[in-house]
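The entries follow the structure.

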Amino acid sequence: MVAIELLNELKKFIENVVEEYVLETNNRETKKEPQVVVGYLPAKGESDIPDYPYVIIRVINGVDDQTSEIKINLIIGTYSDDHEGWQDTLNIIQRIRHRLLEQRTLAKKFKLELPLEWELFEEQALPEWNGLIKTIWTIPQPQEIIEKESEYFGR
């Protein structure tokens with residue numbers, strides 16, 4: 001429940017960051033803003049929308065200790081036939097990174113923790129260019145319910 005709410009808030013936030021940033025797609029006749037998707041891209045053939053460019057928001061794992069945290073990766077993909085196409089991916093990474101560091105709390109309850117890590121993949125499947133932002137979010141932790149002794153022993 002909380003994880004899905006964070007993913008949806010992050011999706012809205014990133015859509016706002018990348019709006020009006022129009023890039024090439026894997027359909028030569030079309031340019032568009034990066035699509036922002038939670039989880040995974042639709043299966044091939046399910047949509048007429050070109051896959052590239054995109055930002056995929058994907059949960060990696062979570063940890064509950066003194067606080068509760070969720071690790072979320074942002075996978076960035078762009079498409080360009082020239083060898084400078086990596087710059088589009090880097091620009092998206094930097095736009096998102098900059099805005100996240102400016103506004104580290106989403107929906108008044110999800111806090112971005114540092115370090116914020118990002119990378120361009122060493123190997124690129126040209127003409128597709130990919131990168132990654134690794135984020136860690138503190139989320140609200142459920143409060144422990146302490147049973148009364150009489151409830152536990154059935155008295």
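I counted a charge as sitting over a ring if NZ of Lys or CZ of Arg is within 6 Å of the ring centre and within 35 degrees of the ring normal. The model is predicted: local features need pLDDT of at least 70, side-chain atom pairs count only at pLDDT 80 or more, and totals for chains, interfaces and linings use all residues. Residues are numbered from 1 along each chain as its sequence is written, and side-chain values use heavy atoms, with hydrogens and water left out.

Entry: charges over rings. I found the charged end of Arg-99 over the ring of Phe-13, 5.5 Å from its centre. The charged end of Arg-95 sits over the ring of Tyr-21, 3.7 Å from its centre.

Entry: aromatic pairs. I took rings of Phe, Tyr and Trp (its six-membered ring) as paired if their centres lie within 6.5 Å, with planes under 30 degrees apart stacked, over 60 edge-to-face and the rest tilted. I noted two aromatic pairs. The rings of Tyr-52 and Tyr-54 have centres 4.9 Å apart and planes at 45 degrees, so this pair is tilted. For Tyr-52 and Tyr-79 the centres are 6.1 Å apart and the planes at 50 degrees, so that pair is tilted. Tyr-52 and Tyr-54 are buried (under 20% relative accessible area, exposed being over 50% and partly exposed in between; 1.4 Å probe, protein chains only), and Tyr-79 is buried.

Entry: contacts of Ile-96. Counting heavy atoms within 4.5 Å as contact, and leaving aside neighbours within four places in sequence, I listed Ile-14, Val-17, Val-55, Leu-74 and Ile-133 for Ile-96.
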